[in-house]
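I opened the notebook to write down what I looked up, one entry at a time. The structure comes next.

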Amino acid sequence: MAGAKNHDYHILPTDPWPFITSLSALVMTSGLALYMHDYPFGTYLLIAGLLGVLISMFSWFSNIIKEARAGDHTPVVQLHQRYGMILFIASEVMFFVGWFWAFFDFSLFPSAISEVVGGQFPPKAIEAVMDPWDLPLLNTLILLCSGTTVTWAHHSLIHGDRDGLKKGLWATILLGLLFSSIQAYEYIHAPFPFGENTYGSAFYMATGFHGFHVIVGTIMLIVCLIRTYKGDFTPKQHFGFEASAWYWHFVDVVWLFLFVSIYIWGSAGAPIH
């Protein structure tokens, strides 16, 4: 029969949100660049672009959820969604590789910028660094525990335990909020500022972007919790939750590298705050 569907793929209808998302992202990044160069209208472009990104993300993701409920996410479609999430996480890995590269370049070759750092790292202008065995260690334990709780939620979902799924998600979200709160407190009481030297810039960019990813991951898990209470996700179809769990584990692993390289190794020989 002409027009009959004889494949497992989902052919998407015409949707304006990919274009609106791209346009909003362009406006947001352009506004951010103009704001950093003190153009007065940069702030308005930044806010408008950010609102556009948030609205389009909400609308686009809502359409994807409707497709899942309609049964359009066949096993083949789910497989390709997993490929897409894997490639996204791979791009995030390379994003953090850049910050680690910068930190190790500054720390291993301080003589190359001796006029700035005095031939040492941390630079001579740094009077003290953060104690890695204080709040950073506590945050490490919190994230490790959150990796356990999100795995508990995942296994509960696979075995049809809705109550365990909800409890695991609640625990993970609360641990993520606790981590962000402790990191904010750590920044407020940090013994060195942002941007005055290579150590401060590399430290805040690496740990700050990780903190941003924790916030994004927490929001993703909150959405999963809301969907759980609405009756979404089944043991065989729960890619939205699975993608969020993968992202959360990625955030955990990045933090372990940050803790070892920047907090522990990067503070060796420096005065502790």
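In what order do the elements of the protein run from the N terminus on? I read them off as α-α-α-α-α-α-α-α. The tally is eight helices and zero strands, where helices (H or I, at least four residues) and strands (E, at least two) are DSSP runs, numbered from the N terminus.

Before going on, I noted that this is a predicted model, that local features need pLDDT of at least 70 and side-chain atom pairs pLDDT 80 or more, and that totals for chains, interfaces and linings use all residues. Residues are numbered from 1 along each chain as its sequence is written, and side-chain values use heavy atoms, with hydrogens and water left out.

Entry on overall size. I looked up the box that the C-alpha atoms fill, and along the principal axes it is roughly 75 × 45 × 30 Å.

Entry on domains. I found domain 1 at 15–72 and domain 2 at 73–263; such bounds come from an automatic or database domain assignment. Their C-alpha centres lie 23 Å apart. Seven residues from domain 1 and seven residues from domain 2 take part in the contact, which means heavy atoms within 4.5 Å.

Entry on buried area. The size of an interface is often given as the accessible area lost when the parts come together. I took buried area as the accessible area (1.4 Å probe) that two parts lose on being put together, summed over both. For domain 1 and domain 2 the value is about 560 Å², with 45% of it on carbon and sulfur atoms. On the side of domain 1, Ala 68, Arg 69 and Asp 72 lose the most area, together 62% of what that side buries.

Entry on salt bridges (a side-chain nitrogen of Lys or Arg within 4 Å of a carboxyl oxygen of Asp or Glu). I searched the whole structure and got four. Between domain 1 and domain 2 the count is one. Which residue forms a salt bridge with Asp 232? Arg 69 does, and the closest N and O atoms are 2.8 Å apart. Asp 232 lies in the loop between α7 and α8 (239–264) and Arg 69 in helix α2 (residues 42–69), so this pair ties together parts that are 163 residues apart in sequence.

Entry on aromatic pairs. I counted 23, a pair being rings of Phe, Tyr or Trp (its six-membered ring) with centres within 6.5 Å; planes under 30 degrees apart are stacked, over 60 edge-to-face, the rest tilted. Phe 95 and Phe 209 have ring centres 5.0 Å apart and planes at 85°, so I logged them as edge-to-face.
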